[in-house]
Amino acid sequence: MNTGLRITTFAAALAATFGAAYGVGQAVGPVVAESPPEHGDEHARSAQEQAEGGGHAGHDTPPAGGLQISEGGYTLDLETPRVTAGKQADLRFTVRDAAGRALTAYQREHDKELHLIVASRDLVTYHHLHPTRAADGTWSTPVDLPRAGGYRVFADFTPAEKGAGNLTLGADLAASGPYRARQLPPANTTARIEGYDVKLAGTLRPGAASELKLKVSRDGRPVTDLQPYLGAYGHLVALRSGDLAYLHVHPNGEPGDGTTRPGPGISFTATAPSSGSYRLFLDFKHEGKVHTAAFTVRAGGAAAADDTPEEHAEDGHGH
């Protein structure tokens, strides 16, 4: 056998070996997904470019939160980095200062020292949790994640230290079990949840503040007696598809301040750090129960591409 023939034969064998290995990997599939599914590559690339300083966001745009595990001298120490899908577990974490000491003094914001959000990488599953803090600074809360895959944990808080600003720290959480990739839910301006219809009006704009209005109705009639929940008539969390950047969205007016009254309309001001797709989660309270409506929007364009009602029947939201 001459040299050229030997090289050709070896290359063919090598290609066959890799082809077989790829086939086995595709058949078995990942047990735990710790990154967004491949169908979101376009959004993931856009989000990655924004995180690295690209894109169209202005220099004055507030930075997105939740992308870092450490910021401002504080670190989110997630003591439970892995759970089993479909089984309740005790999620434990600590916020530590630059010296490694557990933070035990917080400012109360919206009736809580710390707000905890757990969201799946595909932005289908969402939990707004209220953990309890032990005297040693360790936070804990039960969590039950419905399906396997990658999740992101967000701790939103403000240290009691004088002059400290609000921080949102993020850490990855994995739920083990049989994994199936899911796509980002389609764009929508109407969400249907537990007998309520919530209508979204307004456009999320990259690099500029914009107003988002949400109106709640039931059985075709406006709900005019929404109840305060955590110091406001509604809470809105926005997460960017791809890297799950966390946006601080502020309600326009608080109960009792003379600017907002209970009614079907809830108004927020938000600034998107970049163009791209975002998932909005609205918490509102009526007749003693908290409900969560979800929307998929595109920053830089219309609020949504269609007006198909979306039944947000995913997982309990841990309120």
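Author: Arg-152 stands opposite Asp-172 in β10. This is a predicted model, in which local features need pLDDT of at least 70, side-chain atom pairs count only at pLDDT 80 or more, and totals for chains, interfaces and linings use all residues. Residues are numbered from 1 along each chain as its sequence is written, and side-chain values use heavy atoms, without hydrogens and water.

Reader: How do you know that β9 and β10 pair?

Author: Two strands pair if DSSP finds at least two bridges between them. A strand is a DSSP run of E with at least two residues, numbered from the N terminus. Here 9 bridges join β9 (residues 149-157) to β10 (residues 167-176). So they count as paired. They run antiparallel.

Reader: What makes β3 and β6 edge strands?

Author: The open sheet has 5 strands, in the order β3-β10-β9-β5-β6, with mixed pairing. β3 (82-84) and β6 (126-129) each pair on one side only.

Reader: Why is Glu-194 called partly exposed?

Author: Buried means under 20% relative accessible area, exposed means over 50%, and partly exposed is in between (1.4 Å probe, protein chains only). Glu-194 has 42% relative accessibility, so it counts as partly exposed. Glu-194 lies in the loop between β11 (190-193) and β12 (196-201).

Reader: Why is Asp-219 called exposed?

Author: Its relative accessibility is 59%, so Asp-219 counts as exposed. Asp-219 sits in the loop between β13 (209-218) and β14 (221-222).

Reader: What is the phi of each of these residues?

Author: Most residues other than glycine have a negative phi. Glu-194 has a positive phi, near 50 degrees. Asp-219 has a positive phi of about 55 degrees, and it is not a glycine.

Notes: Helices (H or I, at least four residues) and strands (E, at least two) are DSSP runs, numbered from the N terminus.
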